[in-house]
Amino acid sequence: MRGRAAAALAALVAGTFVAVLPAGPAAAGRCYTPGCGGKVYNQTSNFSILIANNWCWPDSWPRDGYDHLDLPWREPGPCIPTSGFNNKDSWPGDYELAPGLNSAQDSSYLKYFDVDAFRAYQNCVTDVEVRDEQGDLYKTGHYDQRGQGSVWYKIEDWHRVYVKKIDCFVSGGIAGPDTGFGVGVQEGVGTAPTGSPATDPTAFPAAFQAGTSFLYTRSATGAMLDTRYGMAAGTSPATSDGQTAFQANTSFLYTRSASGVMTNTGYGMMAGTSPAISSGLVAFQANTGFLYSRNTATGATANLGLGMMRGTSPSIAGSTSSWRIAFQANNSFLYTRDSNGAIVNTGYGMMAGTSPSITKLSNGTYAIAFQANTGFLYVMNTGAASDTRLGMAAGSSPAIAATITGYTVAFQANTGFLYTRSSAGAAVNTGYGMKAGTSPAIRGARIVFQANTGFLYIRDAGANAVNTGYGMMTATSPAV
């Protein structure tokens, strides 16, 4: 539909559309000339806006305020299929429009020259102006989703929507947009100053459970993606080489390939536990309480016959042909299991409810970090484990990553702050507070963690940590 005559179909008033319903289900069309349809301008400085190039609705459902375009409702299929999520080259699809850009600025947005909807984010207030093709102001919109979920709003073909401002608010530890960059209104974290993202040539992708309970991934370049896959409460994802493993809200182990293909392995996991992954090999605690491994390439899954402590998760390092798993056995001791079948009881007791972390060093040996049953951080490379005499926060686990000269451990100290410790023994208080009951992840020079505000933070090579503006689910930890 073209022209101002379309105004009779939808009027934008204070965050609510008033519309005449069509006689039956309808869907959006397509066009390939810049500005030929609905157009969105992102005039915010810190948020990406999720826009969609399709719209469909059942005849008995309001045309506006849809909470999900990816759900089928009474249509034979969803408006936006899984393959179209955050896909710039898809129709039907949705895509994040970065700050300062508009949907018809060049041919790179060809499939979004006709935008049919934009999303107002949960726990955020979004202010927009709607203008016509001549630039005359038609309406203003004020969408207050504080304490509510995200909703989609339909755009007519002649609408030019200018997103002017988005403010997000913390609520019960769940805050911010469920998709889109931004900085919420929040308290400071720890005592360290905020700063710009550090340039890191070894930047790695990350994964986390958002405050919506969905699995999110973050690319090495910072692009966020809502996979729309729900995760089990109290669990965290794992990532390696672009692959992700997680416990879905069905309690089954799922994997996601680097290209985005989701696989339900059909293997149930123990409640409250999380998988680990290294170069295509996954380790997890099955719902039987036993340690399992799975090769993501072949699908080969093995019961390793070793009982694990409930509420704890394994860690794995190496490749599919040569690996080692560290885990807390059901007798509370730290155990390892190698690809050659060797099982070792290290004789070191672990704190209840915590999990070890393992990494393979440049010299071919393995280093393990864990919270001992004394509450102190221990590190084990070859031979006896070393007591660092650094106290750890209850219910948290350390993370360890290989470096050129050794390793670095990241952990939540018993003060609630994020600490690092090098293999040379140097301990550093970063000054950043962490959410109670959560643990950091580290890979290379990059650390990701849930700050005490509930937001995902990223810290590179000793630089100031960066608030991504994404709220995380309480009692979960990110992966990198």
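In the predicted model, G141 is placed in strand 10, which spans residues 137–144. G141 is buried, its relative accessible area being 5%, a value under the 20% limit for burial. With a relative accessible area of 1%, Y143 is buried. The C-alpha atom of Y143 is 5.5 Å from that of V125, a residue 18 positions away along the chain.

At the level of the whole protein, the secondary structure consists of 41 strands and zero helices. The protein has 480 residues, of which 56% count as buried. Among contacts with a separation of 6 or more, 54% are between residues 24 or more positions apart.

In soluble globular proteins, nonpolar side chains tend to be buried together. The largest nonpolar core of the model contains 36 residues. Within this core, the residues with the most contacts are V40, I51, F118, V128, V161 and V163. Two or more residues each are given to the core by strand 5 (49–52), strand 7 (94–97), strand 8 (117–120), strand 9 (124–131), strand 10, strand 11 (151–154) and strand 12 (160–168). Strand 5 gives the most, with four residues. When neighbours within four places in sequence are left aside, V161 is in contact with K39, V40, Y41, F118, V128, E129, V130 and I155. V40, F118 and V128, listed among these contacts of V161, are also among the core residues with the most contacts.

Aromatic pairs were searched for across the whole structure, and 23 were found. The rings of Y41 and Y162 form a stacked pair, because their centres are 4.2 Å apart and their planes lie at 10°, under the 30 degrees that sets the limit for stacking. This pair links distant parts of the chain, Y41 being in strand 4 (residues 39–42) and Y162 in strand 12, 121 residues apart. Y41 and Y162 are both buried. The pair formed by Y95 and Y112 is tilted, with 6.1 Å from centre to centre and 40° between the planes. Y95 belongs to strand 7, whereas Y112 lies in the loop between strand 7 and strand 8; this pair, too, links distant parts of the chain, at 17 residues apart. Both of these tyrosines, Y95 and Y112, are buried. Together with Y109, Y95 and Y112 make up one aromatic cluster.

Strands of a sheet pair through backbone hydrogen bonds, either parallel or antiparallel. Three strands of the model form an open sheet in the order 15-16-17, with antiparallel pairing. Strand 15 (206–209) and strand 17 (224–230) are at the edges; each has a single partner strand, so one side of each has no neighbour in the sheet. From one strand to the next the twist averages 25°. Strand 15 and strand 16 (residues 214–218) run antiparallel and are joined by four bridges. In this pairing, A206 is opposite R218 of strand 16.

Strand 36 (residues 417–422) and strand 37 (residues 427–433) likewise run antiparallel, and four bridges join them. R421 has A427 in strand 37 as its bridge partner. The two strands form a hairpin, with four residues between them. In the turn, G425 has a positive phi of about 100°.

Most residues other than glycine have a negative phi, and most peptide bonds are trans. In the model, the peptide bond from W91 to P92 is cis, with omega near -5°. P92 is located in the loop between strand 6 (56–57) and strand 7. A positive phi, near 50°, is found at S279, a residue other than glycine. S279 lies in the loop between strand 22 (276–278) and strand 23 (281–285), and is partly exposed, with a relative accessible area of 31%. R389, also a residue other than glycine, has a positive phi near 65°. Whereas S279 is in a loop, R389 is placed in strand 33 (residues 386–391). The relative accessible area of R389 is 54%, over the 50% limit, so R389 counts as exposed.

Definitions and conventions
Residues numbered from 1 in each chain as written. Predicted model: local features only at pLDDT ≥ 70, side-chain atom pairs only at ≥ 80, totals over all residues. Heavy atoms only, no water. Buried < 20%, exposed > 50% of the residue type's maximum accessible area, 1.4 Å probe, protein only. Core = buried A, V, L, I, M, F, W, Y, C linked by side-chain atoms within 4.5 Å. Contact = heavy atoms within 4.5 Å. Pairing = 2+ DSSP bridges. Axes fitted to C-alpha atoms, helices over the stretch in contact; angles between N-to-C directions. Phe/Tyr/Trp six-rings, centres within 6.5 Å; stacked < 30°, edge-to-face > 60°.
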